[in-house]
Amino acid sequence: MGLLEGHRAIVTGGASGIGAATARRFAAEGAVVSILDLDGEAARSVAEEVGGHAFEVNVAGTDAVIDATHQAAAAMGGLTDVFNNAGVGNLKALASYSEKEWDLLVDVNLKGVFNGMKAALPLLVDGGGSIVNMASVSGIRPTRGEAPYAAAKAGVIALSQSAALEYGPTVRVNTVSPGFIHTPLTDFTLQEPDYREPLEARTPLGRAGTPDDVADVVVFLCSDLARYVTGHNLVVDGGSMLPSAQVDHVLGSLLRVLGEG
C-alpha cells in the first residue's frame with residue numbers, strides 16, 4: 001500500500017517540472033490526482049499519464065481557481081491534499097521591473113497560492129487534509145535579480161504559517177523551499193561548465209537538485225509520516241544555504257593550508 005493510498009490531490013502548475021514530478025509521485029503512492037495548469041494540453045498529457053484529471057486555469061484568477069478546484073474535487077470524489085506549485089520567475093535589477101512584471105510575479109506566485117488555499121480550505125476543513133505551498137530559498141535569503149519573486153515567496157511562507165495556525169488541527173499547511181533545481185528552465189546553466197561547476201562546488205551535497213528530490217518531500221508532507229508537522233518551511237537545497245558567504249571561502253582556504261580540508 002502506498003503512502004497516499006485513498007488520497008485525492010490537486011497539483012497546480014502540474015504540467016511540467018516539479019509539479020509534473022509530484023503528480024507522478026502522488027499517483028505512484030496511490031493518490032488520485034488532478035492537474036491544474038495554464039497549459040491545458042500539457043496538463044491533459046500528464047493527467048492521462050497518471051490516470052487523473054486535467055483543468056486549464058490561470059491560478060491568478062480567484063473565481064477560476066475556486067471553480068476548477070470544485071470541479072476537480074467532484075471528479076475525484078473528494079479532496080484531501082493540495083500542492084500549490086504554479087509559479088513564474090524573471091531576472092533583472094529591481095528598478096528595471098515594470099509594474100506589469102511586478103503584478104505578474106506577485107499575482108501568480110503569491111496570489112495564486114492564496115487562491116488555491118481559499119478554494120481548498122472549505123473542502124478540507126471537515127474531513128481534514130494537507131496543503132503544501134511552493135516557496136523558495138529566495139524567500140529566505142535575497143537573490144540578485146529576483147526581488148519581486150523573492151518578496152512573493154517570502155509572502156507565501158508567512159501566508160502558509162497563518163493558515164496553519166488558523167486551520168489546525170483539521171488541516172495541516174506547510175511550505176517547501178527548493179534551492180537550485182534542474183528543470184527545462186534551468187538546463188542551460190548546467191550545460192555550461194562555468195555555471196555548473198561553481199554551483200556544484202558550493203553545494204555540500206555536490207549537485208543540483210532534481211524535481212524528484214522536491215516531489216518526494218511533498219509526498220512526505222502530505223502523508224501520515226508528517227502527521228505532526230504543520231506551519232513548517234522545509235528547505236530542499238542540498239545544504240547550499242549552510243556556508244557563510246562572508247567567511248566560508250577564507251576558512252576553507254586556511255584549512256587546506258593546514259592540511260585539514
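**View 1. Glu101 and Lys92 are joined by a salt bridge.** The N to O distance of this contact is 2.9 Å; a salt bridge here is a side-chain nitrogen of Lys or Arg within 4 Å of a carboxyl oxygen of Asp or Glu. Glu101 is partly exposed, at 22% relative accessible area, and Lys92 is partly exposed at 26%. Buried means under 20% relative accessible area, exposed over 50%, and partly exposed in between (1.4 Å probe, protein chains only). The model is predicted: local features need pLDDT of at least 70 and side-chain atom pairs count only at pLDDT 80 or more, while totals for chains, interfaces and linings use all residues. Residues are numbered from 1 along each chain as its sequence is written, and side-chain values use heavy atoms, with hydrogens and water left out.

**View 2. Asp213 forms a salt bridge with Arg207.** Their side chains meet at 2.8 Å, N to O. Asp213 has a relative accessible area of 25% and is partly exposed; Arg207, at 42%, is also partly exposed.

**View 3. Arg25 and Asp216 form a salt bridge.** The closest N and O atoms of the pair are 2.5 Å apart. Arg25 belongs to helix α1 (residues 17-28) and Asp216 to helix α8 (residues 211-222), so the contact ties together parts that are 191 residues apart in sequence. Helices (H or I, at least four residues) and strands (E, at least two) are DSSP runs, numbered from the N terminus. Asp216 is partly exposed, with 37% relative accessible area. The count for the model comes to seven salt bridges.

**View 4. Strands β2 and β3 pair in the parallel sense.** The pairing of β2 (residues 32-37) with β3 (residues 53-56) runs over four bridges; two strands pair if DSSP finds at least two bridges between them. Leu36 stands opposite Phe55 in β3. Together with helix α2 (residues 40-50), β2 and β3 make a right-handed β-α-β unit. Right-handed means that, with the strands pointing away from the viewer, the path from the first strand over the helix to the second runs clockwise.

**View 5. Val247, Val250, Leu251 and Leu254 form a nonpolar surface patch.** Their accessible area together is about 330 Å², by the Shrake-Rupley method with a 1.4 Å probe; for residues, only the protein chains shown count as cover. Patches are made of residues with over 30% relative accessible area and no salt bridge; like charges are joined within 9 Å, and nonpolar side chains (Val, Leu, Ile, Met, Phe, Trp, Tyr) within 5 Å. Val247 lies in the loop between β7 (233-236) and α9 (248-257), and is partly exposed at 34% relative accessibility.
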